[in-house]
Amino acid sequence: MTSPLLRATSISKSYGRRRVLDQVELELYPGTLVGIVGENGAGKSTLLRILAGDLRPDSGAVQITGALGYCPQAVVLNEALTVDQHLDYFRAAYQAPDLQVASGLIERLGYTKYRRTPASALSGGIRQKLNLTISLMHDPTVLLLDEPYQGFDWETYLRFWELAADLRQRGRATLVISHLLFDQERFDTIYHLANGRLQVTKSASHAAAPAHV
């Protein structure tokens with residue numbers, strides 16, 4: 001049986017007396033697209049930050065095989081840097097040999113003409129495209145996305161799902177979290193996060209099937 005690329009076991013997190021996550025268990029397998037839906041304040045972003053290593057849980061552990069890509073909901077960019085300067089910075093941080101993957105993503109997401117534009121002059125939608133590009137430009141095996149298509153126009157929204165399908169075909173494991181998931185047929189598995197627990201609302205029998213990485 002194929003091993004998961006991400007395994008979270010017994011993840012718990014509280015803020016004061018409020019228990020946000022309660023013994024959460026999650027596995028992401030190669031070639032799968034998983035969604036987590038929940039109300040605002042349910043703990044979705046907290047869970048994603050823990051999975052990404054950005055926040056320490058009160059208890060539990062996360063194991064990831066391969067490279068991680070993390071796209072937070074809040075876009076964190078340097079307002080003075082252009083799109084290309086951001087990509088150069090992260091290319092060095094990721095120790096990527098070149099910007100071939102990033103350039104392909106920019107073309108695919110349709111914002112090539114903004115490469116020399118500083119972040120301060122970018123619209124919210126273009127900033128989100130750059131945010132997504134940065135999370136993918138090192139070709140991660142596990143991708144964690146927090147409201148990834150927020151601010152996208154319809155054409156870019158459709159391109160996002162084409163990209164997600166390609167990632168699945170290439171054996172990547174992708175997790176999308178949102179307060180509302182549209183196009184649920186695109187997902188292999190969907191969880192609902194409420195009262196600190198994950199509950200499966202959709203599960204495909206092939207979700208843990210072997211895939212070529």
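Mentor: The answer below takes the pocket, then the rings.

The model is predicted, so local features need pLDDT of at least 70 and side-chain atom pairs count only at pLDDT 80 or more, whereas totals for chains, interfaces and linings use all residues. Residues are numbered from 1 along each chain as its sequence is written, and side-chain values use heavy atoms, with hydrogens and water left out.

The second largest pocket has a volume of about 180 Å³. A pocket here is an open set of points on a 1 Å grid over the protein atoms alone where a 1.4 Å probe fits, with protein on both sides within 12 Å along at least five of seven lines; lining residues have an atom within 4 Å of a point. Its volume is the space filled by probe spheres set on the points, which are joined across faces, edges and corners. The lining comprises Val101, Gly104, Leu105, Arg108, Leu136, Asp139, Leu163, Asp166, Leu167 and Arg170. By class, five of these residues are nonpolar, one is polar and four are charged. For this division, Ala, Val, Leu, Ile, Met, Phe, Trp, Tyr, Cys and Pro are nonpolar, Asp, Glu, Lys and Arg are charged, and the others, Gly among them, are polar.

Helix H3 (100-109) and helix H5 (154-169) each supply at least two lining residues; H3 gives the most, with four. Helices are DSSP runs (H or I) of at least four residues, and strands (E) of at least two, numbered from the N terminus.

Rings of Phe, Tyr and Trp (its six-membered ring) pair if their centres lie within 6.5 Å; planes under 30 degrees apart are stacked, over 60 edge-to-face, and the rest tilted. By this rule there are nine aromatic pairs. In one of them, the rings of tyrosine 149 and phenylalanine 160 have centres 5.4 Å apart and planes at 75°, so the pair is edge-to-face.

Tyrosine 157 and tryptophan 161 are both buried. Together with Trp154 and Phe187, the residues Tyr149, Tyr157, Phe160 and Trp161 form one aromatic cluster.

Note on methods
Buried means under 20% relative accessible area, exposed over 50%, partly exposed in between (1.4 Å probe, protein chains only).
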